[in-house]
Amino acid sequence: MQNGLENRKRERLTREGLDGLLRALGPDRDEAAARYQRLRERLLLFFARRQFIMAESLADEVLDRLATRLSTGERIEVPESYAYGIARLVVQEEARRSMREAEANRHYARNISTVLDTQDRKSVV
């Protein structure tokens, strides 16, 4: 099963994006880096508790989106809270993707069994 993130163009965290995110997390670079690491760990836990096997990719997606939003000049008072809002959206997106994938698999299984049934009947005749 593929991760939905692989199917869409994903904004990768650039050096400039990381710098902007760290600036938003605090003026002291070391403290900002520590806040970044804590946020990433909490996002991993957020996704793991929801039983997403790709928790690391999803956490990185959230951080990438946050950095992208900051790079557009949007003023974000509490980046951690904003990140959780993004994470909730990612959960919804992944749930919809999973439902679409499950429906596609059911449709595929129905079509395969129909083709196999037809082939079996032809070989009997």
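Visitor: Among contacts in the protein chain between residues at least 6 apart in sequence, what share joins residues at least 24 apart?
Guide: Happy to start there, with the reminder that this is a predicted model. A contact here means heavy atoms within 4.5 Å. Taking the pairs at least 6 apart in sequence, the share that joins residues at least 24 apart is 60%.

Visitor: Which order of elements does the protein chain show from the N terminus on?
Guide: The secondary structure comes to four helices and zero strands. Read from the N terminus, the elements therefore run α-α-α-α.

Visitor: How much of the accessible surface of the protein chain belongs to carbon and sulfur atoms?
Guide: Of the 125 residues in the chain, 31% count as buried. The accessible surface comes to about 8700 Å². The part of that surface belonging to carbon and sulfur atoms is 52%.

Visitor: How far apart are the end C-alpha atoms of helix α2, and what span should its residues give?
Guide: Helix α2 covers residues 29–49, which is 21 residues. At 1.5 Å a residue, the helix should span 30 Å. The model agrees, since its end C-alpha atoms are separated by 30 Å.

Visitor: Where on α2 do its buried residues fall, seen down the axis?
Guide: The buried residues of this helix are A32, Y36, L39, R40, L43, L44, F46 and F47. Viewed down the axis of α2, they fall within an arc of 160°, so they line one face of the helix.

Visitor: Which residue follows α2, and what is its phi?
Guide: The residue after α2 is Q51. Its phi is positive, near 60°.

Visitor: How are α1 and α3 oriented relative to each other?
Guide: Two packed helices are described by the angle between their axes and the distance between the axes. Helix α1 (residues 15–25) and helix α3 (residues 55–71) have axes 9 Å apart and pack at an angle of about 85°. Angles of 65 to 115 degrees count as roughly perpendicular, so α1 is to α3 roughly perpendicular.

Visitor: Which residues make the contact between α1 and α3?
Guide: From α1 come G17, G20, L21 and A24. Their partners on α3 are L63, L66, A67 and L70.

Visitor: With which residues is A24 in contact, leaving aside its neighbours within four places in sequence?
Guide: A24 lies in helix α1 and is partly exposed, with a relative accessible area of 28%. Its C-alpha atom is separated by 8.4 Å from that of V78, 54 residues apart along the chain. Beyond its neighbours within four places, A24 is in contact with L70 and P79.

Key. Residues numbered from 1 in each chain as written. Predicted model: local features only at pLDDT ≥ 70, side-chain atom pairs only at ≥ 80, totals over all residues. Heavy atoms only, no water. Helix = DSSP H or I, 4+ residues; strand = E, 2+ residues; numbered from the N terminus. Expected span 1.5 Å × (residues − 1). Buried < 20%, exposed > 50% of the residue type's maximum accessible area, 1.4 Å probe, protein only. Arc of directions from axis to C-beta. Areas by Shrake-Rupley, 256 points an atom, 1.4 Å probe, with all protein chains shown as cover. Axes fitted to C-alpha atoms, helices over the stretch in contact; angles between N-to-C directions. Parallel < 35°, antiparallel > 145°, perpendicular 65-115°, else oblique.
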